[in-house]
2 protein chains.
Amino acid sequence: MYKPTSITKLLGIETPIIQAGMVWVSGGKLAAAAANAGALGLIGAGSMKPDLLKHHIEKAQSLTTKPIGVNVPLLYKDVESQLKVALECGIRIFFTSAGSPKKYTTMLKDHGAIVVHVTSTPELALKCEQAGVDAVVAEGFEAGGHNGRDEITTLALIPQVVSAVKIPVIAAGGIATGSQIVAAMALGAQAVQMGSRFAVTKESSAHENFKKAIMTSGPGDTKLMMKNLVPVRLLKNKFAEEIAALEDRGADAEALEQLLGKGRAKSGMLEGDLERGELEIGQVSAMIRQDLTCKELMNQLSREVQATIKNLNALF
Amino acid sequence: MYKPTSITKLLGIETPIIQAGMVWVSGGKLAAAAANAGALGLIGAGSMKPDLLKHHIEKAQSLTTKPIGVNVPLLYKDVESQLKVALECGIRIFFTSAGSPKKYTTMLKDHGAIVVHVTSTPELALKCEQAGVDAVVAEGFEAGGHNGRDEITTLALIPQVVSAVKIPVIAAGGIATGSQIVAAMALGAQAVQMGSRFAVTKESSAHENFKKAIMTSGPGDTKLMMKNLVPVRLLKNKFAEEIAALEDRGADAEALEQLLGKGRAKSGMLEGDLERGELEIGQVSAMIRQDLTCKELMNQLSREVQATIKNLNALF
């Protein structure tokens, strides 16, 4: 049912669906399961020392023969070692984010790799294209985790990015169902990247407490916070309330950094501390009510896409 | 090309497109032009005393034989007189917002009117249904003007509202082009409501300065502000900078109300004071580059919808 797009051809995948590389949630197990189910599986390197990243890549490679990739936020100190280790392990698909696309794109392309950079504005998308990346992920305000400062939503962002660049565009933020996949592709995206929905799969490393919190969350239960430091969308909990109280009093970056401290994301997402942990998740949280395997999820998405196309044909 | 939907049948219109009722921008002239071009035209009563509303309804009725409606925010003191005048003039389509759907729905339905209420959450949509409204407008975070507190984007909101209620759903926020119309309908909406795009038409009452500011705005040039008073999305200007500075210092409702003062929206949108005026517009502002007639706009949207459907059929 899914026909080839410029992105499926670029990445060598069967469906125009990419499992987002997420901190603490998407290790080798999830990436391999997503790949085996027809998506592109991405290992989230952001939370991994180079040795652990190597372990996860090898694990994924032992579980699938399909291509997998690595997501590398360019803001951590281990970046160069992470890229080196991934290249040595044979990874040739890199999703980079949170930094300049100019810095590593040429080096990665010299190694024969495909480079995709994450952007939240049409202006940055153009800079990505000029830096030589193969495609961009355009991620909207509704996305979980780190987010752009301009707060442009996926519905407003995708057509603007598609107009701004000639390279293919992958839509991210607010996509958890087949109808949202079709909507994103209607806007001109050639594929979608889904994070939150893959965080709640059997193969995800998210703690069971975190998965349950997502599956019982309500529509207004996430919030974009810490804008004076690095904007991040979080599930509301005690920690998020503390941030909100601080922000209401006009907190600056230093005050927020002090409250944040160290290890909050790990303790929340991997270890399941729902009170004190940082729970990164998108607005679609409230639409995720079931903990499926990647295979079940991909089958469900396929059925939903078909039903949506059928509905659209009745409307136009 | 547009096939009938539950909303086109309910409202007696040819296309599933509603021109939003906006303060200072959508008088009788715009509503009639939108209606003559196949959309539902709405007069924005929010900025009108009952006498002026009567004048605009009669003007619209002199310019079209198609049905037109009135948008009435339920937060102003003149509400009851506005509803009375509109009913006396023969209006039988009411879009209500910014207040409880329980208050006037029964009275309006007793007069044989169709009632549509604007909501920004699935929970309120359900309350609207229980209050007996015929349909809801579900409006996302990217919309211009007054906005919900939960900041749910259109892409995340529409499927959740569609799941929550049995009555038909109209999508609003972030819709200015044919691809965005198709995206909204893919999500389960039975029609779309477009504000910003109709604000920049030849028949809109928006001041030329305001229209030009929209047509030259960039992607990140709107912001949801005044959250401690009533959240409103504004085009960035000197006034918006003053709000931002106040908010950075943790301003409360009283401080914001004092800065806002009286007549800011009129001076900005109708009178064209781009420095001191309040310029309400959605995130799609940056996608609007041309000042078309309603007829030209509707023709363009129709071509874009057709192209989008063709693209989708190549992808699925």
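Two strands pair if DSSP finds at least two bridges between them. Helices (H or I, at least four residues) and strands (E, at least two) are themselves DSSP runs, numbered from the N terminus. By these terms, 4 bridges join β5 of chain A to strand β6 (residues 135–139) of chain A, and the two run parallel. This is a predicted model, in which local features need pLDDT of at least 70, side-chain atom pairs count only at pLDDT 80 or more, and totals for chains, interfaces and linings use all residues. Residues are numbered from 1 along each chain as its sequence is written, while chains are lettered from A and ligands numbered from 1 in the order in which they are written.

A crossover is called right-handed if, with the strands pointing away from the viewer, the path from the first strand over the helix to the second runs clockwise. A right-handed β-α-β unit is also made by β5(A), helix α6 (residues 122–130) of chain A and β6(A).

A residue is buried if 20 or more other C-beta atoms lie within 10 Å of its own, exposed if 12 or fewer, and partly exposed in between, with C-beta atoms placed from the backbone. Of the 6 residues of β5(A) (residues 114–119), 5 are buried, so the strand is largely enclosed by the rest of the structure.

## Helix α7 of chain A

Helix α7 (residues 154–164) of chain A is mostly covered, for 10 of its 11 residues are buried. Among them are A:Leu155, A:Ile158 and A:Val162. Two residues are in contact if their C-beta atoms, placed from the backbone, lie within 7 Å. The buried residues of α7(A) pack against α6, β6, β8 (169–172) and α8 (178–186) of chain A, together with α7 (154–164) and α8 (178–186) of chain B.

Strands of a sheet pair through backbone hydrogen bonds, either parallel or antiparallel. In chain B, 8 strands close into a barrel in the order β1-β2-β3-β4-β5-β6-β8-β9, with parallel pairing. The twist averages 25° from one strand to the next. Angles run from 0 to 180 degrees between N-to-C directions, and axes are lines fitted to C-alpha atoms, for helices over the stretch in contact. Strand β1 (residues 17–19) of chain B is joined to strand β9 (residues 191–194) of chain B by 3 bridges, and the two run parallel. B:Met194 in β9(B) is the bridge partner of B:Gln19.

Chain B also holds an open sheet of 3 strands in the order β7-β11-β10, with antiparallel pairing. Strands β7 (145–146) and β10 (222–225) of chain B stand at the edges, each with a single partner strand, so one side of each is left without a neighbour in the sheet. Strand β10(B) is joined by 4 bridges to strand β11 (residues 232–235) of chain B, and the two run antiparallel. B:Lys223 stands opposite B:Leu234 in β11(B). Helix α11 (residues 238–248) of chain B lies across β10 and β11 of chain B, at about 45° to β10(B).

## Helices α3 and α4 of chain B

Helix α3 (residues 50–63) and helix α4 (residues 79–88) of chain B pack at an angle of about 25°, with their axes 9 Å apart. That makes α3(B) roughly parallel to α4(B), a description that applies to angles under 35 degrees. Residues that meet in this packing include B:Leu53 and B:Ile57 in α3(B), and B:Val85 and B:Ala86 in α4(B).

Most residues other than glycine have a negative phi, and most peptide bonds are trans. B:Trp24, although not a glycine, has a positive phi of about 65°, and for B:Glu151 the positive value is near 60°. The table gives neighbour counts.

| Residue | C-beta neighbours inside 10 Å | Class |
|---|---|---|
| B:Trp24 | 25 | buried |
| B:Glu151 | 25 | buried |
| B:Lys211 | 20 | buried |

B:Trp24 is placed in the loop between β1 and α2 of chain B, and B:Glu151 in the loop between β7 and α7 of chain B. B:Lys211 belongs to helix α10 (residues 208–215) of chain B.

Conventions. Parallel < 35°, antiparallel > 145°, perpendicular 65-115°, else oblique.
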